[in-house]
Amino acid sequence: MVKDIDKLLTKALSDRGLVNAKQLEAAATEAKKADDPLPAVLLKQGAVTEEALMDVLSKELKLTCVDLKELRIDKSVIEKVPLRFASYYKFMPVKMEDRVMTIAVAYPLSVKTQDEIRTHLGYDIETVLALPSDIHDMLKANYGLAAATIDKIISHTSPQRMEEKRAETEIEDIEKLAEEESVTKLVNQIILEAYKRRATDIHIEPYRGKVRLRYRIDGVLHNAPVPPEITHFYSSILSRMKIMSNLNIIERRLPQDGRTSVKIQDQKLDLRISSVPTPYAESLVIRLLPTKMLFDMEKLGLAREDLPVFAELVKKPHGIIFVTGPTGSGKSTTLYTCLSQLNTDKTKIVTIEDPIEYEMEGVTQMQVLPEIGLDFAMGLRSMLRHDPDVMMIGEVRDKETAEIAIRVALTGHLVFSTLHTNDAASGIIRLIDIGIEPYLVATSVEAFIAQRLVRSVCPDCKTEDKDQPAEIKDMIARDMRLSSGEGIKFFKGKGCKKCNATGYFGRTAIYEILLVNEAIKELILKKVSSAVIKNAAVLNGMYTLRQDGWRKVIAGVTTPEEVMKLTESEKDEPSAPPPSVMPQGQLMAPGAQQAPVAGERPMTSRRIYKRLNTRVNISFKVIDRKGMPSKKAVGKEQYSVTEGISAGGVQFISNEAVSLGVILELKIDLPDADEAIVCLAKVLRMELRDEEDAPRKGFYISVCFLDITSAQRVRLNKYVEEETD
């Protein structure tokens with residue numbers, strides 16, 4: 001029967017032009033030699049795809065094709081078939097009706113094989129076709145990862161030995177078991193599965209009577225099903241991992257860290273293995289890192305208009321560039337990409353890290369060893385004696401390290417480092433808080449770059465998402481200063497084999513690049529808050545993390561959920577929009593729209609805050625391009641609000657013209673007898689006042705608040721609402 005099927009399949013594939021005669025002849029020879037089915041050999045040789053092969057077999061043999069991933073298989077059906085039996089015959093039990101079991105196979109079974117399955121199971125069988133990869137995945141999902149290996153170990157182990165394993169405490173026995181081929185294969189399968197699923201970390205966690213295995217894929221942990229019998233071999237898995245990474249297998253009470261290397265296909269991986277004691281056993285986390293990685297600036301996730309800005313920073317002859325963000329936000333990858341741009345025969349690059357994430361040829365890399373006194377500060381002092389041109393410090397953690405880094409930057413070196421802060425502007429405050437003088441920060445730091453990693457929509461199952469609420473479009477339009485959100489389209493992944501049914505494949509970074517220009521330096525020297533600095537940077541064209549995230553949402557790279565999960569709402573921040581005309585003739589930020597008028601949402605008729613027509617006393621000073629009050633500033637004259645005041649901005653009368661886009665320092669006296677509200681504001685509109693009964697000519701000036709605090713904004717809003725009720 002098999003020969004008849006092979007002839008039928010050969011003719012069908014040839015007639016349809018899917019496989020040529022030479023490929024069929026080579027596959028037939030290999031199938032006969034290896035005693036494998038012809039379809040399996042054709043797939044192995046890549047002569048035909050799984051989908052095309054299933055289509056041919058289904059139509060020629062009149063067999064039903066099923067999508068196993070769409071089926072819900074009852075647990076009772078799976079329990080009727082031992083794993084070793086299903087694995088041996090390569091089928092997946094699907095359903096059971098009236099003592100007839102339906103099984104999914106990749107290739108038609110011979111009569112002899114069908115009889116063997118009937119005899120062993122005790123049921124009549126019906127066969128349907130399914131993709132070979134789906135059968136393999138479903139066996140793992142329903143029976144557990146490496147279940148066949150564990151089943152094989154158990155079947156070759158006597159009951160007495162199994163009892164010994166459950167109570168095993170002798171180190172010599174554990175070490176011996178760790179070197180057994182079966183346990184080695186089990187560990188290798190766990191690592192191989194992680195590599196195939198693009199995992200960055202493997203978590204093996206023991207609990208009472210069970211072991212949980214999880215993979216971190218694209219920053220999210222996913223459970224990997226394992227058979228319950230794995231608990232009997234957990235001590236052996238631990239010992240194997242410890243031996244691989246040169247850890248002390250006797251020590252079980254203290255945390256340990258080790259590393260080893262493995263080769264998978266043509267890829268060599270570094271494994272960073274960490275163990276910590278728990279009440280039941282040691283918990284393991286294994287990080288997978290490629291030993292060789294291609295660092296490409298264009299693949300970091302930078303917007304097209306930000307690439308030249310980033311490239312100019314890397315070319316700086318001296319200074320410090322800080323990359324900020326939480327653990328796991330991709331800071332190290334960004335730093336290594338910068339170093340790769342500078343890694344030439346003419347440049348000496350030295351790094352000090354904890355730990356060394358990636359090996360980079362041509363770069364001298366130093367590992368921090370606190371147990372012997374080698375910390376960042378000590379390493380930095382030693383690095384200076386190696387005549388470096390460029391230095392990279394894994395992290396600035398204390399005042400001493402920061403002071404040395406600044407001294408190095410001021411003496412003509414380019415320094416890269418990281419800080420753990422939520423945004424770019426907070427990096428400035430962090431340095432000042434740990435004791436660095438503001439003038440040193442202002443003169444040594446070139447830029448603060450905040451970043452996050454968002455998951456990318458899977459390109460294979462990407463589709464338009466029409467279910468997003470209208471509020472999301474409104475939010476994006478408000479944050480990006482667009483006239484409306486009508487033209488915005490969202491995309492999502494439906495879930496496919498490539499993305500493990502998650503809808504996401506890979507990650508990209510969103511950035512907030514704060515350049516320390518003259519205006520920012522003046523603000524640093526004045527020790528203003530991070531909110532003031534951030535808004536000044538926005539006025540100079542900086543996109544915030546959320547705004548950069550929205551750019552990627554609009555481009556279809558990621559989803560709104562990813563951006564909202566990792567960034568703070570712009571509404572909650574005292575931020576200003578990128579202006580259409582920047583102060584002192586600076587260029588408009590790419591993609592920016594005209595800022596809103598006082599109390600209104602940008603470019604729309606709907607307002608965020610209520611507006612009140614009333615009279616309050618206001619004074620203002622014009623701020624020059626260095627962030628200081630102008631010599632021509634109006635200081636003591638009082639002006640009255642005539643058109644409106646809100647928590648977003650005001651419109652008042654001035655007897656002097658003020659240029660559009662300039663920054664004012666406002667002082668607003670509310671009738672509530674509390675202290676005056678002082679904040680920065682940007683001039684959005686100026687109109688000539690032409691009222692017949694006006695005592696004097698003047699101008700209507702409309703401004704929006706820039707750095708007003710949350711408390712002051714709440715106070716203003718409360719005042720307006722109380723007066724309008």
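How many bridges join strand β2 to β3? There are 6, and the two strands run parallel. This is a predicted model, in which local features need pLDDT of at least 70 and side-chain atom pairs count only at pLDDT 80 or more, while totals for chains, interfaces and linings use all residues. Residues are numbered from 1 along each chain as its sequence is written, and side-chain values use heavy atoms, with hydrogens and water left out.

**The whole chain**
- The chain's secondary structure comes to 25 helices and 24 strands; helices (H or I, at least four residues) and strands (E, at least two) are DSSP runs, numbered from the N terminus.
- Of the 725 residues in the chain, 50% are buried, where buried means under 20% relative accessible area, exposed over 50%, and partly exposed in between (1.4 Å probe, protein chains only).
- Take the contacts (heavy atoms within 4.5 Å) between residues at least 6 apart in sequence: 65% of them join residues at least 24 apart.

**A sheet and its helices**
- An open sheet is formed by 3 strands in the order β1-β2-β3, with mixed pairing; two strands pair if DSSP finds at least two bridges between them.
- β1 (91-97) and β3 (124-129) stand at the edges with a single partner strand each, so one side of each has no neighbour in the sheet.
- Strand β2 covers residues 100-105, and its M101 has I125 in β3 as bridge partner.
- Helix α7 (residues 111-121) lies across β1, β2 and β3, running at about 130° to β3; axes are lines fitted to C-alpha atoms, for helices over the stretch in contact, and angles run from 0 to 180 degrees between N-to-C directions.
- Helix α8 (residues 132-143) also packs on the sheet, where it touches β1 and β2.

**Nonpolar cores**
- The largest nonpolar core has 52 residues, and L431, F448, L514, I520 and I533 have the most contacts inside it; such a core is a set of buried Ala, Val, Leu, Ile, Met, Phe, Trp, Tyr and Cys residues joined through side-chain atoms within 4.5 Å.
- Apart from it lies another core, of 48 residues, including L9 and F91.

**A closer look at E562**
- You can find E562 in helix α24 (residues 560-566).
- Why does E562 count as buried? Because its relative accessibility is 3%.
- Leaving aside neighbours within four places in sequence, E562 is in contact with V454, R455 and Y504.
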